[in-house]
Amino acid sequence: MSDLVETSWPRPGLAVVTLTDLQTPNHNVTWRAIGELADALEAARTGGARATVLASGRAGAWLNHAHLGDLRAMMSGEPPAGDATGWFRAPRELSETDVVSIAAISGDTSGGGCELGWACDLRIAEAGVRFSQPEVIMGLGTGIGGAARLRRLIGRTATAEMILTGLPMSAERLHALGGVNLVVAKGKALETAVAWGARLAALPPAAVAGLKRMLVEGEDLSLPEALANDQRIAQTLFASPDGLSLMRTIQARYDEGQSLAEVLWEDPPAP
């Protein structure tokens with residue numbers, strides 16, 4: 001049982017994984033914390049989560065950059081204070097195709113904390129939250145996606161501004177650039193993320209996983225290759241039991257005179 005990471009299940013298929021470290025001054029992520037966070041994300045996924053919300057239990061702060069004492073000790077050859085591989089396992093868990101990951105960003109975030117957010121599929125941030133990749137100010141580099149993942153989200157120009165100056169960018173500007181899905185009022189990030197997660201957990205699991213595979217696998221393919229990969233995945237979904245059953249149900253409702261909005265958005269059929 002971890003005293004840093006808690007997992008709750010608001011509904012079947014939806015896990016909320018919350019990191020709360022009251023010992024670090026700015027909610028900097030220690031080696032112990034990142035190892036336990038990676039373990040919790042894996043346990044949620046293998047335990048049946050189809051959507052996972054990553055949250056902070058520290059008021060006024062989300063996840064911030066790596067604990068510099070731990071990082072310096074590791075690079076100096078001193079015994080690690082925790083599982084450093086968590087820095088690579090946690091983003092990998094957030095990218096797994098059988099779960100959709102949602103970052104509920106409730107406070108300022110920086111460095112490795114930001115990078116965990118970039119690894120998520122969806123990001124909901126509260127108004128006024130600031131994001132920063134301050135590694136350059138500390139003479140360091142972005143280690144788990146602050147350049148590579150962020151560039152894919154907001155483009156080279158805006159990423160260059162963030163990583164080369166180290167200065168913060170607001171949630172509102174990141175939303176305009178495509179790095180944040182939604183900006184919500186203070187105190188509403190977790191509530192909104194849970195609502196999104198509940199919707200995702202209720203959707204046909206194979207379809208959600210297949211569409212995430214299209215997103216993840218297509219990033220490293222040329223357009224013709226990505227289109228071919230999308231078609232291979234789609235064909236398996238067309239022929240799946242859920243696909244066949246839902247096509248029949250939805251077409252019948254259309255034939256009864258129901259509108260697209262009624263059938264798909266207001267009262268969608270259960271898989």
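Colleague: At what angle do helix 3 and helix 4 pack, and how far apart are their axes?
Modeller: This is a predicted model, where local features need pLDDT of at least 70, side-chain atom pairs count only at pLDDT 80 or more, and totals for chains, interfaces and linings use all residues. Residues are numbered from 1 along each chain as its sequence is written, and side-chain values use heavy atoms, with hydrogens and water left out. Helix 3 and helix 4 (residues 111-119) pack at about 25°, with axes 8 Å apart. That makes the two helices roughly parallel (angles under 35 degrees). Axes are lines fitted to C-alpha atoms, for helices over the stretch in contact, and angles run from 0 to 180 degrees between N-to-C directions. Helices (H or I, at least four residues) and strands (E, at least two) are DSSP runs numbered from the N terminus.

Colleague: Which residues make that contact?
Modeller: Helix 3 gives W87, A90, P91, L94 and S95, and helix 4 gives G112, L116 and A119. Contact means heavy atoms within 4.5 Å.

Colleague: What about helix 1 and helix 3, at what angle do they pack?
Modeller: Helix 1 (residues 31-46) and helix 3 (residues 86-95) pack at about 30°, and their axes are 8 Å apart. That makes helix 1 roughly parallel to helix 3.

Colleague: Which residues are in contact there?
Modeller: From helix 1, W31, I34, G35, A38, D39, L41, E42 and R45; from helix 3, G86, W87, R89, A90, E93 and L94. By class, this contact has 7 nonpolar, 2 polar and 5 charged residues.

Colleague: Switching to voids. How many cavities of 30 Å³ or more does the structure hold?
Modeller: It holds 1, and the largest cavity has a volume of about 40 Å³. On a 1 Å grid over the protein atoms alone, a cavity is a set of points where a 1.4 Å probe fits but cannot get out, and a pocket is an open set with protein on both sides within 12 Å along at least five of seven lines; lining residues have an atom within 4 Å of a point.

Colleague: What lines the largest cavity?
Modeller: L41, R45, T52, E93, L94, V99 and S101. Helix 1 and helix 3 are the elements that give two or more residues to that lining.

Colleague: Now the largest pocket: what is its volume?
Modeller: About 600 Å³. Of its 19 lining residues, C120, D121, L215, V216 and E219 lie nearest its centre.

Colleague: Which element gives the largest share of that lining?
Modeller: Helix 9, with 5 residues. The lining of the largest pocket divides into 11 nonpolar, 1 polar and 7 charged residues.

Colleague: And the second largest pocket, what volume has it?
Modeller: About 520 Å³. Among its 18 lining residues, L203, P204, A207, L246 and I250 are the closest to its centre. The lining of the second largest pocket has 16 nonpolar, 1 polar and 1 charged residues.

Definitions and conventions:
Parallel < 35°, antiparallel > 145°, perpendicular 65-115°, else oblique. Nonpolar A, V, L, I, M, F, W, Y, C, P; charged D, E, K, R; others polar. Points joined across faces, edges and corners; volume = space filled by probe spheres on them.
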